[in-house]
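Please read the points below with the structure open beside you.

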Amino acid sequence: MLQATENETNEPHTSQAAYPNAHRLLRALGYQTSQRGVQLDVDGVQYILTPGIHQKDFWHGTHRNPRMFFSWFKNRRRRKLLAEPFPETWQSTLEHQVGHYAVLPESDQARLRDIVRILVAEKEWEGCRGLELTDEIRVTIAAMAAVLVIGFDDFYFEQVQTILVYPNEYVVKEERALAGGATLEEESDRLGEAHYRGPVILSWAEIRHNALEPGHGQNLVFHEFAHQLDMLNGAIDGTPVLPDVDLAQRWARIMDREYRRLRQAERHGRETLLDPYGASEPAEFFAVATECFFDAPRAMHAEYPELYDLFRDYYKQDPAGWLAFER
Ligand SMILES: [Zn+2]
């Protein structure tokens, strides 16, 4: 989606040649397109924009930038959604199933509820291996994903379209290339995965436990959605999109140092607050440190003060100041 719009300029398109791009762009955004034109669903009303008739409206006028055009529809839908009262059963899920909710400042709780509504409404949620998805499951997952982005302006993991939920750990068949061109099929147990512009895959048993019993520095939803933040700039390397040079320089220096420190500790079998899995590669280090930042913030602040400050400045949140909840 980002690639499709990056090539567009802010100049209005005047030629018919722009139209196939519009098709591609709309399809990438999840809209249905056909020979007749582009079908849009706006608040339940179907519109078909056909080339040659509405094309000018489409790219001209106040919507000079196609991205602005779509966000206008999206914002309208979202405003409508957020104007409705927050469902009581969802509120009960937040209060009883999601330990993080109670420790947040009130303004953050309100923001979290809005993000939850948008994530539940806009993502495709699928239960796998017989798991029937309920609102409790969707709201719990959405709430924990929301915790990560409370400090960001209007960010709803746009690149994640689908969230797949398995009841427990799931087994993945992997093919490993062997010398001489043969492949070996192996099975591995997984709790979660994050794919570049693809689905987030999660295990409900693990998530439910993380949500009910926070404060141990581990949380599968934080981990997988941290990978999604990392991927936003196209590289899965432990460096997400950073807003300024100063933070980028600090990021490089502190993350490099702490990653090496964790690797050292792991090699010597020393116990660490950060999950030693973070020593496997920088992307995992970022995901593991994110888990710790939101799930054991006071301990992280005490043990890794510079890393904590770095994450505070990136996420624009200060979880060590939340009500105490750590075990
Ligand atoms: Zn990971």
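1. A residue is called buried here if 20 or more other C-beta atoms lie within 10 Å of its own, and exposed if 12 or fewer do. By that count, four of the five residues of E5 are buried, which leaves this strand mostly covered. The chain passes from E4 through H8 to E5, a β-α-β crossover that is left-handed. Please bear in mind that the model is predicted.

2. The sheet that holds E5 is open and has four strands, in the order E4-E5-E9-E8, with mixed pairing. Its edges are E4 and strand E8 (192-194), each of which pairs on one side only. From one strand to the next the twist averages 15 degrees. As background, the strands of a sheet pair through backbone hydrogen bonds, in either a parallel or an antiparallel sense.

3. How do E4 and E5 pair? They run parallel, with four bridges between them. Within this pair, Glu124 has Thr162 of E5 as its bridge partner, and Glu126 is opposite Leu164 in E5.

4. Helix H9 (residues 204-212) lies across E5 and strand E9 (200-203), and its direction makes an angle of about 75 degrees with E9.

5. The largest nonpolar core has 62 residues, and the members that touch the most others are Ala143, Ala145, Ala146 and Leu202. The element that gives the most to this core is H8, with 11 residues. Beyond residues up to four places away in sequence, Ala146 touches Leu112, Ile115, Val116 and Leu119. In soluble globular proteins, nonpolar side chains tend to be buried together.

6. Tyr101, in helix H6 (residues 99-103), deserves a look. Is Tyr101 buried or exposed? It counts as buried because it has 24 C-beta neighbours inside 10 Å. The C-alpha atoms of Tyr101 and Met144 are 8.9 Å apart, although 43 residues separate the two in sequence.

7. Two loop residues have backbone angles to check. Most residues other than glycine have a negative phi. Arg129 is not a glycine, yet its phi is positive, at about 45 degrees. Arg129 sits in the loop between strand E4 (124-127) and helix H8 (135-149). It counts as exposed because there are 11 C-beta neighbours inside 10 Å.

8. Asp154 is in the loop between H8 and strand E5 (162-166). With 13 other C-beta atoms within 10 Å, Asp154 is partly exposed.

9. For the protein overall, the secondary structure comes to 14 helices and nine strands. Of its 327 residues, 30% are buried. Among contacts between residues at least 6 apart in sequence, 62% join residues at least 24 apart.

10. How far can the coordinates be trusted? The mean pLDDT of the protein is 82, and 75% of its residues reach 70 or more. Over residues 1-20 the pLDDT stays under 50, and the model has 22 contacts for them beyond four places in sequence. Residues 50-66 also stay under 50, with 23 contacts beyond four places in sequence. Where pLDDT is low, the predicted coordinates should not be read in detail.

Technical notes. Residues are numbered from 1 along each chain as its sequence is written. This is a predicted model: local features need pLDDT of at least 70, side-chain atom pairs count only at pLDDT 80 or more; totals for chains, interfaces and linings use all residues. Two strands pair if DSSP finds at least two bridges between them. Axes are lines fitted to C-alpha atoms, for helices over the stretch in contact, and angles run from 0 to 180 degrees between N-to-C directions. Two residues are in contact if their C-beta atoms, placed from the backbone, lie within 7 Å. pLDDT is the predictor's confidence in each residue, from 0 to 100. A nonpolar core is a set of buried Ala, Val, Leu, Ile, Met, Phe, Trp, Tyr and Cys residues joined through C-beta atoms within 7 Å. A crossover is right-handed if, with the strands pointing away from the viewer, the path from the first strand over the helix to the second runs clockwise.
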